Amino acid sequence: MNDPAGRLRKPTLAAKDGAPAAPIDHLRIEAAVRELLLAVGEDPDREGLQETPARVARMYAEVFAGLHKDPREHLRKTFTQKYDEMVLVKDIRFASLCEHHLLPFIGKAHIAYLPKGKIIGLSKLARVVEVLSRRPQVQERMAEELADLLMTELGARGVGVIVEASHTCMTIRGVRKADSVCTTSAMRGGFRDHEATRAELLSLVYGSRG
Ligand SMILES: [Zn+2]
């Protein structure tokens with residue numbers, strides 16, 4: 001791909017030391033999955049498992065594709081608009097993998113912001129959620145990363161993010177709380193400083209649920 005400015009390889013939020021994440025190494029994943037099957041006492045050469053390492057490698061390349069994308073790309077195109085009321089997008093569905101168990105957690109994000117002269121296409125918020133969820137994640141950090149990104153890139157007066165998800169590491173193992181939903185939030189600017197603004201967001205998100 002023609003990428004003279006090196007934009008696609010820009011450090012992502014996932015790379016804490018500022019270095020870009022290494023590309024996905026399929027062969028290395030395959031070797032590791034084969035090793036894992038041996039370690040649990042399976043026979044990786046039996047018919048049903050022969051293709052599994054390659055399948056898992058392709059799956060990881062897909063579910064961790066966000067490691068190699070810069071979410072800020074989706075926030076560059078803004079529109080000048082004299083609108084200063086809350087913008088809220090509810091129920092942005094996502095699936096991610098918890099970094100503690102590499103098991104899926106699935107849920108939705110609600111994102112609100114208070115514009116300061118600049119607004120963004122609504123679908124871009126879903127794109128940003130997509131990039132951040134396709135990384136080894138913890139739900140708490142995901143909410144904070146979303147909030148900080150929007151504050152910085154949009155210069156918003158405030159951002160409120162609520163993430164609700166069900167974690168399979170809780171539903172299929174450990175305490176096995178099948179119905180538990182974990183809620184995390186990150187409030188910045190006006191949403192943190194003004195209780196009325198925060199209350200408005202909460203009632204818009206939860207109000208209809210009674
Ligand atoms: Zn977990």
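Is Asp25 buried, exposed or partly exposed, and how many C-beta neighbours does Asp25 have inside 10 Å?

Reply: This is a predicted model, in which local features need pLDDT of at least 70 and side-chain atom pairs count only at pLDDT 80 or more, while totals for chains, interfaces and linings use all residues. Residues are numbered from 1 along each chain as its sequence is written. Asp25 counts as partly exposed because it has 13 C-beta neighbours inside 10 Å; a residue is buried if 20 or more other C-beta atoms lie within 10 Å of its own, exposed if 12 or fewer, and partly exposed in between, with C-beta atoms placed from the backbone. Asp25 lies in the segment before helix H1, which covers 26-39, where helices (H or I, at least four residues) and strands (E, at least two) are DSSP runs numbered from the N terminus. Along the chain, Asp25 and Ala61 are 36 residues apart, and their C-alpha atoms are separated by 8.5 Å.

Phe191 belongs to helix H6, residues 190-193, and its C-alpha atom is separated by 8.7 Å from that of Arg157, 34 residues apart along the chain. Leaving aside residues up to four places away in sequence, Phe191 touches Gly158, Val159, Gly160, Thr197, Arg198 and Leu201, where contact means that the C-beta atoms of two residues, placed from the backbone, lie within 7 Å.
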